[in-house]
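Here are my notes on the model you sent. Please read them with the structure open.

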Amino acid sequence: MYEDRFMRRAIEISARALDTPGTEPFGAVVVREGRIVGEGINRSRLDYDPTSHGETEAIRDACRKLETVDLRGCDLYTSCEPCALCVAAMEIAGISQLYYAAGLAEANAAISDLPDSARHSIDSRHLRTQCGRPVEERSMPSQQSLSADATAVLVAWARKVGAGAKTPTVSGAPEG
Ligand SMILES: [Zn+2]
């Protein structure tokens, strides 16, 4: 259930960027059972990490604090509508509900005129389109090689892990 105080907290975190060089004003919190369990702000230029967005940082923080990779049942509040990277991270973590403040169009209107020297800009529409396409249809050239060698490692690992597991817990398609 939506609560204003969590969105206000996400926006408050985003405002830290005004005083913290290297961060960008995108803040997020992960909420479980009425309590904040993770917080994050975009630290991409501060940490030299292009995947550091408010949402990914909040998910990392929540997972480390809860010592889990499963955030099912958690809500994510973010100061700005998430990009495709963050949607993917939320899906992987199992976030149950998204609440966002500024929409992508509003955010773009507010900051899109900034030069690249001021921020690590991303083209959210391009990102969304590319991520949804099969590998052979993306604009980024991709080439496959040594598939059998890599698969052999997967098979060996599955055998080893499977031998130690009483009931299979892995489901879904294999992913890198
Ligand atoms: Zn993002």
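The points below go from the sheet to the core.

1. Ground rules. This is a predicted model, in which local features need pLDDT of at least 70, side-chain atom pairs count only at pLDDT 80 or more, and totals for chains, interfaces and linings use all residues. Residues are numbered from 1 along each chain as its sequence is written.

2. Helices (H or I, at least four residues) and strands (E, at least two) are DSSP runs, numbered from the N terminus. Two strands pair if DSSP finds at least two bridges between them.

3. The hairpin. Strand 1 and strand 2 run antiparallel, joined by 7 bridges. E24 has N42 in strand 2 as its bridge partner. The hairpin has 2 residues between the strands, and E33 takes a positive phi near 50 degrees.

4. Strand 1 against strand 3. This pairing is antiparallel, over 4 bridges. A28 partners T78 in strand 3, and V30 stands opposite L76 in strand 3.

5. The parallel pair. Strand 3 (residues 75-80) and strand 4 (residues 97-102) run parallel, with 5 bridges. T78 has Y100 in strand 4 as its bridge partner. With helix 3 (residues 84-93), the two strands make a right-handed β-α-β unit. Right-handed means that, with the strands pointing away from the viewer, the path from the first strand over the helix to the second runs clockwise.

6. The core. In the largest nonpolar core, of 24 residues, V29, V30 and L76 touch the most other members. Such a core is a set of buried Ala, Val, Leu, Ile, Met, Phe, Trp, Tyr and Cys residues joined through C-beta atoms within 7 Å. Strand 1 gives the most to this core, with 5 residues.

7. Burial. Buried means 20 or more other C-beta atoms within 10 Å of a residue's own, with C-beta atoms placed from the backbone.

8. L76. Leaving aside neighbours within four places in sequence, L76 has contacts including A28, V30, M90 and L98. Contact means C-beta atoms, placed from the backbone, within 7 Å.

Definitions and conventions
Buried ≥ 20, exposed ≤ 12 C-beta atoms within 10 Å, placed from the backbone. Contact = placed C-beta atoms within 7 Å.
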